[in-house]
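Please read it alongside the sequence and the model.

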Amino acid sequence: MYKTATKVTAPVAELTPTPSEPVLVWREIGAGACGIVYSEPVSTTTVTTPTKRSSCAALKLSRHSPHDLYHDYRCHVGIASSLQVSRATSREAATLLASLRLPSPLNFVHAGDNTWWAARSRNYELPFPLQERVRLEIGGSDHGDDSSIGSAAVGRSQRDGALPAVLISTRIPPLPQRAHAYLINAYCAPHLVDRAHADGTNGDALARVYLGRGRRYESRDGEGRQAPRRFFTLRNFGLSVAKLEDLLLKMNGVTKEGAADVVRHLATTMGAALAVMHSVAKLDARDVEFVLGGSSLGERAAVSMNDIAATAKSLASSQLNARSDPPGTASTALTQSGMAFYLLDFNQCRHIGRDNTAVDTAVDAFFVNDPYYPRPPCRSDSSTDGEYDEERKLWDAFVDGYLGLCSAMTHSEAGMWPGAKFIEQCERRLCHGS
Ligand SMILES: Nc1ncnc2c1ncn2[C@@H]1O[C@H](COP(=O)(O)OP(=O)(O)O)[C@@H](O)[C@H]1O
Ligand SMILES: [Mg+2]
């Protein structure tokens, strides 16, 4: 059940920071159908230990349904603890998952929790029109009419009057500056390059890892610069296999073979992550995202004391990101690039049991997702031998991770998941259309 909103009436003066307090600005860093995501810098007065000023939490505000966002949070916590259990259960699972990071889920604020918003609005500068919305709600104003708030998507979408629900997690650090500068120079239409470098939102760059877009995709759709458009953004920039290899080459100075090794390593990690979601978390992983972001830490402490207390109860989340580097040259090359591999966005995940429909549901979700996962290669396609070989290697690497994780968990309840059947059905669906 969701909390009923309590109207907290605070004098407007209380919402204004006193001159001695720092004003910390919320900034929008991402948006999707379910939520709008803001970064919230950490106040040195609200953390238990001193932390870097660059530390940030990510706050996802519900756009329409606080229930969907709550579901997101529950799945997020479930996946966090499933990763922890898998790593603790088997050394092999820990190795397979070593390069995967998950933003730590920290807290959930229910829609209409005006007490939370009152505290938040004190030292923070919220973006307009959210700020106005909070002022009207919390300031006890009689302006019940939303029309003065403009076309805000956030804050007026849930039931009348309720401030949005908030899912708080650690922020994924953006790609290093060198990576985003390279991506702009390489792929932005020439007439937009200067504007793209100057655009501060490109500093929030994350790149989606589309291992299902092999070279065949590039040769059909044309490699290289974006077709002329009016707009270029690095928020959720899509990296096909070729673009990913090029980025790795630029970041590391590694050989072409070295970059291909990193790409296969990501495929194996993706397979292992999907197997954990299916077998341990019992979720179909629908619409989850896999991205490259920055590797710099520091955001782990990016929470208020209340948030820490709330999370400590449910899981020791900090352990998720506090691992030693995995062995192997591919994972070392990834680490040296200043980039790291993250899993996020769980609001569309559906529970899968162990009945006959479970594998079908998981296979549907596999194909519904953006093309993050490598695709099973099919000889009958019009691909060249080189393209087929590359797809085969990537798919094999993914399957190694998926089945490797399943067999590592054989002796736990997760061992009941029919992983081999899932892989067979994916191959059959794509290659034989059944
Ligand atoms: N913890 C985070 N750190 C940094 N960026 C994030 C974080 N969570 C989400 N984002 C960004 O915000 C976008 C929207 O968030 P997401 O969870 O995908 O919302 P939706 O469910 O609406 O798609 C993501 O694609 C990503 O770019
Ligand atoms: Mg999303």
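**Helix packing and a covered strand**

Helix H14 (residues 385–408) packs against helix H15 (residues 419–432) at an angle of about 155°, their axes being 9 Å apart. H14 is therefore roughly antiparallel to H15 (angles over 145 degrees count as such, and 65 to 115 as roughly perpendicular). This is a predicted model, in which local features need pLDDT of at least 70, side-chain atom pairs count only at pLDDT 80 or more, and totals for chains, interfaces and linings use all residues. Residues are numbered from 1 along each chain as its sequence is written, while chains are lettered from A and ligands numbered from 1 in the order in which they are written.

Helix contacts
- Val399, Tyr402, Leu403 and Cys406 of H14 meet Gly419, Ala420 and Ile423 of H15 (contact: C-beta atoms, placed from the backbone, within 7 Å).
- The contact of H14 with H15 has six nonpolar residues, one polar and no charged.
- Helix H9 (residues 256–279) and helix H12 (residues 329–336) pack at about 100°, with axes 8 Å apart.
- H9 is thus roughly perpendicular to H12.
- Gly258, Asp261, Val262 and His265 are the H9 residues in this contact, and Thr329, Ala330, Ser331, Ala333 and Leu334 those of H12.

Strand S12
- In strand S12 (residues 339–344), six of six residues are buried (20 or more other C-beta atoms within 10 Å of a residue's own, all placed from the backbone).
- Met339, Phe341 and Leu343 lie on one side, and Ala340, Tyr342 and Leu344 on the other.
- Six bridges join S12 to strand S11 (residues 289–294), and the two run antiparallel.
- Strand S5 (residues 100–101) runs parallel to S12, joined by two bridges.

Technical notes
Axes fitted to C-alpha atoms, helices over the stretch in contact; angles between N-to-C directions. Helix = DSSP H or I, 4+ residues; strand = E, 2+ residues; numbered from the N terminus. Parallel < 35°, antiparallel > 145°, perpendicular 65-115°, else oblique. Contact = placed C-beta atoms within 7 Å. Nonpolar A, V, L, I, M, F, W, Y, C, P; charged D, E, K, R; others polar. Buried ≥ 20, exposed ≤ 12 C-beta atoms within 10 Å, placed from the backbone. Pairing = 2+ DSSP bridges.
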